[in-house]
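Reader: I would like to learn how to read this model. Please take me through it feature by feature.

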Amino acid sequence: MSDKAGNAIHEGGIYKETHKGKVGTGDTTRDSTIETYWIAHDQGGQVQLELLDMNHEPSGYKETVEYSELANRFVYQEGFEPVKQTPQQRQADRHAARGERHLENNEYLSAEFEFNKSLKSEEDNVRANFGLGKTYVAMGDQDKAREQFKKLVDIDELLDPKHKHIFNEFGIQLRKMGMYAEAVKHYHKALNIEKTDENLWFNLGRALCEGGMLAKGKAALQRALQINPELMEAKVLIAALEKRGL
């Protein structure tokens, strides 16, 4: 079916909505892109959209929009293939989500319990591994946090685009804990996927500099500026390095 302007309405089709912005403050400020997927049903003059959850199953949340809003806000996903999770993966994600809620509420023991339950279902679950590491940081157990983060560096699924909001924050956590070699390894892996992300280059440069690799750090910062000449943080760090004769 089409609207009056001739735009095709794909009955039962999947549409994507993209939100872009910045989240966090200070060191944790980062560009954020959130993508949500919806299933569309034509209602003769309007379109009812139902939000899909992280497993690409109907969530029960619905919106009704005009044809024109559908065309402006959403993009039809031809050939969309839903995520297929095993029962163990779904169970792991449920426990990880509970752990994240407990961590947000500073309920550290409950968060630790839920993240560990998640990891019993799926040992390499990214959300649970990262959440458990952050929980140990919040609890002041630096040794356990370091061990947890070392494990996460080697989980390649961390670099899946669906975890983009995690992998930059993860590198910042590594740097703050003085785990410079791990941070550098992590950012190199990320840059193999997204070579033109100025924030990744900046954070790589900062990790290199703080780890004592100043020349390499400056080169990474310069690469960030090539991508975004207005990146003030990179300009400030390069100026500081040049004052030291580097």
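This is a predicted model: local features need pLDDT of at least 70, side-chain atom pairs count only at pLDDT 80 or more; totals for chains, interfaces and linings use all residues.

Reader: How many helices and strands does the protein have?

Author: Helices (H or I, at least four residues) and strands (E, at least two) are DSSP runs, numbered from the N terminus. Here there are ten helices and five strands.

Reader: What share of the residues counts as buried?

Author: Buried means under 20% relative accessible area, exposed over 50%, and partly exposed in between (1.4 Å probe, protein chains only). Of the 246 residues, 41% are buried.

Reader: How many salt bridges are there?

Author: A salt bridge is a side-chain nitrogen of Lys or Arg within 4 Å of a carboxyl oxygen of Asp or Glu. The count is twelve. Glu-17 pairs with Arg-73, with the closest N and O atoms 2.9 Å apart. This pair links strand β1 (residues 14-23) to helix α1 (residues 67-73), 56 residues apart. Arg-73 also bridges to Glu-63, at 3.3 Å. That pair links strand β4 (residues 58-66) to helix α1.

Reader: Which residues are linked in a network of salt bridges?

Author: Glu-17, Glu-63, Glu-69 and Arg-73. Glu-17 is buried, at 7% relative accessible area. Arg-73 is partly exposed at 26%, and Glu-63 is partly exposed at 21%.

Reader: With which residues is Phe-74 in contact?

Author: Contact means heavy atoms within 4.5 Å. Leaving aside neighbours within four places in sequence, Phe-74 touches Tyr-15, Lys-16, Glu-17, Trp-38, Leu-49 and Glu-69. Phe-74 sits in strand β5 (residues 74-76). Its C-alpha atom is 5.7 Å from that of Tyr-15, 59 residues apart along the chain.

Reader: Is Phe-74 buried or exposed?

Author: Phe-74 counts as buried because its relative accessibility is 5%.

Reader: Which residues gather in the patch of positive charge?

Author: A patch joins like charges within 9 Å, from residues with over 30% relative accessible area and no salt bridge; nonpolar side chains (Val, Leu, Ile, Met, Phe, Trp, Tyr) are joined within 5 Å. Lys and Arg count as positive, Asp and Glu as negative; His and the chain ends are not counted. A charge is placed at NZ of Lys, CZ of Arg, CG of Asp or CD of Glu. The patch holds Arg-94, Arg-98, Arg-101, Lys-117 and Lys-120. Helix α2 gives the most, with three residues.

Conventions: Residues are numbered from 1 along each chain as its sequence is written. Side-chain values use heavy atoms; hydrogens and water are left out. Accessible areas come from the Shrake-Rupley method with a 1.4 Å probe; for residues, only the protein chains shown count as cover.
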